[in-house]
Amino acid sequence: MSEFSIRSLVPYAGMLFLMLATGVLSLLLIYPVTEAGLGAFEDPDSIANPFVFLFIMLVFTAILLLLFKWKAQPVISAIFGICLALVIYYVVSSLLFSYVPMLPASPIGVVVAVLVVLLLWYRPEWYVINVFGILVSAGCASIFGVSLSVIPVMILLILLIVYDAVSVNRTKHMLTLADGVLRQKMPIMFIVPKTRGYSYRKTGFSLQDKKEERGAYMIGMGDMIMPAILVVSAQVYAGGEGILSIAGIALPALGALVGGIAGLCLLMIPLNSGKPQPGLPYINAGAIIGFLICCAAAGSWAWIGF
């Protein structure tokens, strides 16, 4: 393989690493999140949960689109800053509470959350965004994964497959939202450079600029969070005694992780065209298929309920 070909594979390897890191960290956060009592839903088995999740997401998206239309950038920045700080606080304080109990978890969590927001505000370089993006994505995935049993998670992932395809290919409002976020250099998307000298701070990233080739790939944090939710839920609700595990990861959870990565590999084919692509149809489908295959291999069907 030529040097050029090897270099061209580096960004793809970077995206795969981001998904792997998010999935593994979300698994490591299961115990801290559970011990801290963090949960998004009271009844993890309720079929209504994924529809509530989708409704809240639609409302939040509509509010953001209106704010972009009204050019209320300070309000948007404040919303994202607060949400980001809360997630960082919960992740850091939960980890310290569970694994380093001799340290004051809450004060340290507050300090870290504030420092992270300031760093992202004043130096929003791609590697800074990606590092803290992994923390945020894994934290969100772990919180929702322990709060939703497998069937509601699978319903949610299927609903989001349809929603992502429609919002990118039909209504295109997701592209409008993503472009507005990227123009403000907000850390809710992973940025994977195509060249060594790329700087997100200097060049930015726009989905609407078609005059020249973009210097990086962009992938939404949702594309990392959603399959990781299934990974966590599979570990909690489809693992357990008698289920084969590898390095402590239950086989169904490992299948969801590997399946999501396989789906991302397939996504890279149309992604190479340079046109924005809906990622969840590939990634969620891969995670679900991988999960079901490994459930069959491990004989793990108790999560069905009969």
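This is a predicted model: local features need pLDDT of at least 70, side-chain atom pairs count only at pLDDT 80 or more; totals for chains, interfaces and linings use all residues.
Gly197 sits in the loop between strand E1 and helix H9 (200–203).

Val166 lies 31 residues from Gly197 along the chain. The C-alpha atoms of these two residues are separated by 35 Å.

What is the burial of strand E1 (residues 189–193)? The strand is mostly covered, with five of its five residues buried. Met189, Ile191 and Pro193 point one way from E1. Phe190 and Val192 point the other way. Residues on both sides are buried.

E1 runs antiparallel to strand E2 (residues 216–220). Five bridges join the two strands. Across from Val192 in this pairing stands Tyr217 of E2.

## Helix H7

Helix H7 covers residues 150–169, 20 residues in total. At 1.5 Å a residue, H7 should span 28 Å.

Which residues of H7 are buried? They are Val150, Pro152, Val153, Met154, Leu156, Leu157, Leu160, Tyr163, Asp164, Ser167 and Val168. An α-helix has 3.6 residues a turn, so residues three or four places apart point the same way.

## The cavity

How many cavities of 30 Å³ or more does the structure hold? It holds one. The largest cavity has a volume of about 40 Å³. Its lining is made by Met19, Thr22, Gly23, Met224, Pro227, Ala228, Val231, Ala256, Leu257 and Gly260. Helix H1 (3–28), helix H10 (221–237) and helix H11 (251–271) each give two or more residues to this lining.

H10 gives the most, with four residues. By class, the lining has seven nonpolar residues and three polar ones. No charged residue takes part in the lining.

## The whole protein

The secondary structure comes to 12 helices and four strands. Of the 306 residues, 49% count as buried. Along its principal axes the C-alpha trace spans about 55 × 50 × 40 Å.

A compact globule of 306 residues would have a radius of gyration near 19 Å. The protein has 19 Å, which agrees.

Key
Residues are numbered from 1 along each chain as its sequence is written. Side-chain values use heavy atoms; hydrogens and water are left out. The expected span of a helix is 1.5 Å times one less than its number of residues. Buried means under 20% relative accessible area, exposed over 50%, partly exposed in between (1.4 Å probe, protein chains only). On a 1 Å grid over the protein atoms alone, a cavity is a set of points where a 1.4 Å probe fits but cannot get out, and a pocket is an open set with protein on both sides within 12 Å along at least five of seven lines; lining residues have an atom within 4 Å of a point. Grid points are joined across faces, edges and corners, and a volume is the space filled by probe spheres set on the points. Ala, Val, Leu, Ile, Met, Phe, Trp, Tyr, Cys and Pro count as nonpolar, Asp, Glu, Lys and Arg as charged, and the others, Gly among them, as polar. Two strands pair if DSSP finds at least two bridges between them. The radius of gyration is taken over C-alpha atoms; the globule rule is 2.2 Å times the number of residues to the power 0.38.
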